[in-house]
Amino acid sequence: MEFKWSVVFEYRDILLLGIVRTAEIFAVSTVLSLLLGTLIGMLRTSQKLLLRQLGGLYVEVFRNIPVLIQMMFFYFAIGLHSFWAAVIGLSLYTGGYIAETVRSVITAVARGQKEAALASGLSTLQAHGSIVLPQAFMYAIPPLTTELLNILKNSSVAMVVGVQDLTFTAREIETATFRGVEAAATVTVLYIALSAVIIGSVGILERILGVRAKLGERGRRSEIEE
Amino acid sequence: MRWHIVLDNAWFLAAGLSRTLWMSAVIILTSFLLGNIVAAMRVSRIRGLSIVAAGYVELMRATPLLMVIFWFYFTLPLLTGHAPSPLLAAVSGMIAFRCAAMAEVVRGGLRAVGKGQWEAAQASALGPVQVLVHVVLPQAVVNMLPSLTSQSVATIKSTSLAYVIGVIELTRAGNVVMNREYTTVEVLSVVALTYLCVNLLVSQFGQAVWRAARRRSGLSTV
């Protein structure tokens, strides 16, 4: 067994394009799934039964269907461009998980805080907008970090519908050179580096907001769930 | 709409579903057993063991499952000398990946059993093994049940990735039918609905077992 790492270096341009494409999927899906997840999460905590049930239905359906099938649906059945099929599939899927995070933090904060806000004469909208949601967001940072890492990891599924992301390049290099181990190892290291960038960015964000000290270590690590 | 295509190919799709379920069962059971070993290593007092286990868990946490499947698909030929069956590569990759998550579930379940329980059991003159088997594990398993359920659902969903290296499970079977019959929406919807039903059944079952176990120990089931 002999390894030839120079092969990977020869393909650095393709790898770089793969990183860019993966970063693009990650960025767009993050924005979309955060918006969607917040909306559904708020539906889940609504006072209207119908809205709560709609939110619940969304979460049950989109979390229980493999992300690959969701991407395939937008690619083969709807006929979207592969990039958008992947992004929309991934966002709908992750939206369900983020909705559950949003729901649990809103419920945790709302108790007491909302009543106090209403008692001080704020309207329901004001109570939500300026009291509950900002606090909920701080508590949501650790579980949301896990979701961001999941978006990065699940973005690899996009290669199946033909997006030339980082995982795609691993297979591309393997096909061209039969150096699968070198290609897979390199791409894995790149994924770990991207994860590190995400974790680092969240850390900086937390420091800016000053939440780290407030939350402490408790609940920083949440369960691996994808 | 050509829903009859789905009926015409029902046996083929059912065979795909059966493979999906078999793969999931093997992966869930094996990775839970191995997860126990990794968790034991991780809490071990021998530093070398705990560092290796923690490194393994963190590596798997940061790597996409698809890449882990590729590792096995690309590396197994180097070790065995011939091309691996896609099924073997997919299942071993998924076990390696899921095992890390299971180790965290086990570790969390053990940690959630209060220190008082260990101390009380030891004070009642039970040996360390007896404490573990009769006092800690029964409680830990109940604590783990919700996470085990979500890991099982995650496993079932993730078996769809075996599609990429050509294992004919439910997703691949659906695609074969799609390409043969030029029928996309109907087949994909049925495949999606099948995954949904299986996963809802598994979650409901997991929840029922958890409730029953909690009720038996006289704990709240909310």
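Guide: Axes are lines fitted to C-alpha atoms, for helices over the stretch in contact, and angles run from 0 to 180 degrees between N-to-C directions. Helices (H or I, at least four residues) and strands (E, at least two) are DSSP runs, numbered from the N terminus. The model is predicted: local features need pLDDT of at least 70, side-chain atom pairs count only at pLDDT 80 or more, and totals for chains, interfaces and linings use all residues. Residues are numbered from 1 along each chain as its sequence is written, and chains are lettered from A and ligands numbered from 1 in the order in which they are written.

Visitor: At what angle do the axes of helix α7 of chain A and α4(B) cross?

Guide: Two packed helices are described by the angle between their axes and the distance between the axes. Here the axes of α7(A), residues 166-177, and α4(B) cross at roughly 15° and come within 10 Å. Angles under 35 degrees count as roughly parallel, over 145 as roughly antiparallel, 65 to 115 as roughly perpendicular and the rest as oblique; α7(A) is therefore roughly parallel to α4(B). Their crossing is left-handed, that is, the near helix is turned anticlockwise from the far one by less than a right angle, whereas clockwise would be right-handed.

Visitor: Which residues in α7(A) and α4(B) meet?

Guide: Two residues are in contact if their C-beta atoms, placed from the backbone, lie within 7 Å. Thr167(A), Ala170(A), Arg171(A) and Glu174(A) meet Leu66(B), Met67(B), Phe70(B) and Phe74(B).

Visitor: How do α4(B) and α5(B) cross, and at what angle?

Guide: The axes of α4(B) and α5(B) come within 8 Å and cross at roughly 130°, so the two helices are oblique to each other. The crossing is right-handed. Among the residues that meet are Ile69(B) and Phe72(B) in α4(B), and Ala89(B) and Gly93(B) in α5(B). By class, the contact of α4(B) with α5(B) has 12 nonpolar, two polar and no charged residues.

Visitor: Which residues have the most contacts inside the largest nonpolar core?

Guide: A nonpolar core is a set of buried Ala, Val, Leu, Ile, Met, Phe, Trp, Tyr and Cys residues joined through C-beta atoms within 7 Å. A residue is buried if 20 or more other C-beta atoms lie within 10 Å of its own, exposed if 12 or fewer, and partly exposed in between, with C-beta atoms placed from the backbone. Met71(A) and Ile69(B) have the most contacts inside the largest core, which has 109 residues. Beyond its neighbours within four places in sequence, Ile69(B) is in contact with residues including Met94(B), Leu161(B) and Ile165(B).

Visitor: How many residues does each chain bring to the contact between chains A and B?

Guide: Chain A brings 32 residues and chain B brings 34. On the side of chain B that touches chain A, the largest share, eight residues, comes from α9(B). That side divides into 22 nonpolar, nine polar and three charged residues.

Visitor: Is Tyr182(B) buried or exposed?

Guide: Tyr182(B) is exposed, because 8 other C-beta atoms lie within 10 Å. Tyr182(B) lies in the loop between α8 and α9 of chain B, and its phi is positive, near 55°, although the residue is other than glycine.

How values were computed. Nonpolar A, V, L, I, M, F, W, Y, C, P; charged D, E, K, R; others polar.
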